[in-house]
Amino acid sequence: MTADRKKDLVRVAAGQGFWGDWLEAPRRQVEGGDIDYLMLDYLAEVTMSILQKQKERDAKMGYARDFVGAVESILPGITKRGVRVVANAGGVNPPACAEAIRAVAERAGVRKDVRVGVVTGDDLLPRLDELLASGHELRNMDTGEPLSKVRDRVMSANAYIGSVPIVEALRRGANVVITGRSTDTALTMAPIRYELGWGAEEWDKLAAGIVAGHIIECGAQCSGGNCLYDWRNIPDLANVGYPIIEARADGTFDITKHKGTGGRISVQSVTEQLVYEMGDPHSYITPDVVADFTTIQLAAAGTDRVRVHGIKGRPPTDKLKVSIAYRAGFKAVGTLVYAWPDALEKARKADEVLRARLQNLGLSFDQLLTEFVGVSATHGPLAGHAADAPEVQFRIGVRSEDRAAIERFTRELAPLVLNGPPSVTGFAGGRPKVEEIVAYWPALIDKRVVETKVEVA
Amino acid sequence: MRVQLVDIAHARSGDKGDTANVGIIALRPEWYPLLEKQLTRDRVREHFRGVITGDVERYELPNLKALNFLLHGALDGGGTLSLKTDAQGKVFSTALLRMIIDVPDAEARQLSLPAART
C-alpha cells in the first residue's frame with residue numbers, strides 16, 4: 001500500500017473516549033481551532049455485546065447512536081472546512097451507521113459533500129462455526145480454554161482490525177470513515193500515516209502513531225481529566241480541552257489542546273495516560289506494529305504542549321486479537337446505608353443476617369460479595385482501621401447461572417429496613433435490578449482469515 | 001526515615017480481564033531510582049496480600065520514571081463478572097500509594113524526601 005505524502009504536519013483531535021463520553025466534546029474540538037481530523041472512539045470491550053443485543057431486536061440498530069448527533073453538530077466543519085472524521089461508531093452494524101449518517105447529510109442538504117467510508121470484515125459471528133470447524137479454536141487468552149466451552153452462549157465475535165482499511169477509505173476520498181471493531185489506536189494512526197505518507201514497514205513511525213493513538217484514545221484522560229498529579233490546581237475542568245495530536249513526518253509528535261480551554265497537558269498528565277491499562281511495555285501489540293513503550297521520550301514544549309520522540313517499533317505478529325462476548329449468568333447488587341453510632345458494626349450485622357436468610361432459603365450463588373463503602377470497598381484491608389464513621393454503605397452483590405436465585409435475592413434486602421439492625425436508610429431506589437452478565441472472551445486468530453472490506457459512497 | 005509513596009509518586013491504574021495494572025510515576029526524576037530499588041515485586045506482592053489472589057509482575061520504564069505492576073487476580077473475576085465497586089481496577093493506583101517505605105536518613109536527606117505524615 002502506498003499513500004501519497006501530502007503534508008509535513010497533521011492534526012488529529014480526539015472527541016470521544018468511550019460511548020457515553022461528553023456530548024459537547026466533538027463540536028468543541030471542531031469549532032475551537034484548526035484541526036484536520038476528528039477521531040471518535042466509542043467501543044469498549046462490553047459495548048459490542050450491548051450493540052449486538054440491539055441489532056437482534058432491530059436489524060437497523062447495533063451502532064453507537066451518539067455518533068449521529070455528533071456528526072450533525074459538526075457538519076459545517078466537515079463540509080466547509082474539510083475536517084475529516086474517523087470513528088469506530090459502526091459497532092456491529094457499520095452499514096446501518098453509514099446509512100444514518102447519509103440521512104443526516106441529506107436532511108441538512110449537504111449529501112453530495114459527505115462521502116462515507118465503511119470498513120467491515122471484523123465481524124466473525126456469522127463465520128464462527130466455520131472457523132471452529134476448520135481448526136481455529138479461539139482459546140481464551142487468559143485461561144487457555146477452547147471457545148467450544150461457551151459456543152452456544154456467544155453473542156458477538158469481532159476481530160480487532162488495524163489501520164490499513166481506514167487508510168484505504170481515506171485514499172478513496174471518504175471524509176467520514178466508520179469502522180466496527182478496529183483498534184482504538186488505529187483510528188488515530190491511520191490518518192497520520194495516510195497524510196504523512198508513511199510506508200507499511202516504517203516500524204518506528206507506525207509505532208509513534210500507535211503511541212499517539214494510545215495517548216488520546218481516552219479523550220480528556222491525558223489533558224487533565226482523572227489526573228492525580230497536582231489535581232487541585234488543574235484549571236477549569238468544566239471547560240476541559242480534549243487532546244490534539246500534531247504529528248510530523250519524521251515520526252515525532254506533540255500533544256496539545258485548543259487555546260482557551262481548561263484542563264492541563266503536561267509530562268505528568270501524559271505519563272499517567274501512557275501507563276493506563278498497560279501490560280508488558282516492551283510489547284504493545286497491534287495489527288500494524290508492535291510498539292515499545294520503554295523507548296518513549298517526553299518533553300515539555302510550552303504551555304499545554306508535550307513533545308514525544310524516540311519511539312521504536314517492530315513488525316507485528318501474524319495474529320489478530322478477537323473480542324468475543326458470551327452470556328455468563330446473572331447478577332444483582334444492592335445497598336443500604338447505616339448511620340452513626342456504630343455504623344460499621346450495624347452494617348456487618350445486616351450482612352450476617354442477610355447471609356443467614358439466603359442460606360435458609362437454600363439459595364446458592366457462584367459468588368457473593370460484601371463491601372462496606374466508606375470503610376473498605378476500594379482499598380480493602382489496606383485502608384486500615386476505620387474511625388467511628390458517620391455512615392457506612394452496606395453493599396452486597398450476588399452472581400449465579402440461576403436467574404430465579406438472583407430474583408429472590410433482590411427481594412431480601414428491603415425487609416432488613418424493618419426487621420434488621422437499626423439506623424438504616426438509603427433504600428429509596430427500590431429493589432436491586434437483575435442484570436444478565438455478558439462476559440468477555442479474549443482470543444487470537446490468524447490474520448489471513450480476516451478479510452476487511454472498504455466501501456465509499 | 002519513613003516515607004509514604006503518596007508523597008513521592010503519582011499513579012494510574014486500569015484493568016485487563018482479572019488483572020489490574022498500576023503504573024507508578026516518580027514525582028521528581030531523581031526519586032525514580034529509589035522506587036526501582038524499594039518497590040520490588042516481593043514488596044508489592046506483600047503489600048497487596050489479602051487483596052489480590054494471584055501473582056505480581058513488574059516492568060521498569062526509566063524513560064518515563066515509572067514502574068508498571070500487573071496485579072493478577074485483583075478484580076473478583078474482572079470486567080462484567082466482577083461484583084466489586086472497583087470492578088475495573090481504577091483505584092488500585094492509590095492503594096499502592098499507601099505504602100510506607102524505610103529510607104536511610106542520609107539518603108532521605110540527600111534526596112530531600114518528605115517524611116511520612118502518618
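Hi everyone, let's start with helix H5 of chain A, residues 94-107: at 1.5 Å a residue its 14 residues should span 20 Å, and the end C-alpha atoms are 20 Å apart, so the two agree. The expected span here is 1.5 Å times one less than the number of residues, and helices (H or I, at least four residues) and strands (E, at least two) are DSSP runs numbered from the N terminus.

Keep in mind that this is a predicted model, where local features need pLDDT of at least 70, side-chain atom pairs count only at pLDDT 80 or more, and totals for chains, interfaces and linings use all residues. Residues are numbered from 1 along each chain as its sequence is written, and chains are lettered from A and ligands numbered from 1 in the order in which they are written.

Back to H5(A): its buried residues include Pro94(A), Cys97(A) and Ile101(A). Buried means 20 or more other C-beta atoms within 10 Å of a residue's own, with C-beta atoms placed from the backbone. Among the elements covering them are helix H3 (66-73) and strand E4 (116-120) of chain A. Just after H5(A), Gly109(A) has a positive phi of about 75 degrees.

Now to the partner chain. In chain B, 31 residues are in contact with 42 residues of chain A, contact being C-beta atoms, placed from the backbone, within 7 Å. Strands E2 (9-16), E3 (19-26), E4 (56-61) and E5 (66-71) of chain B each give two or more residues to that side, and E2(B) has the largest share, with 6 residues.

Notes:
Contact = placed C-beta atoms within 7 Å. Buried ≥ 20, exposed ≤ 12 C-beta atoms within 10 Å, placed from the backbone.
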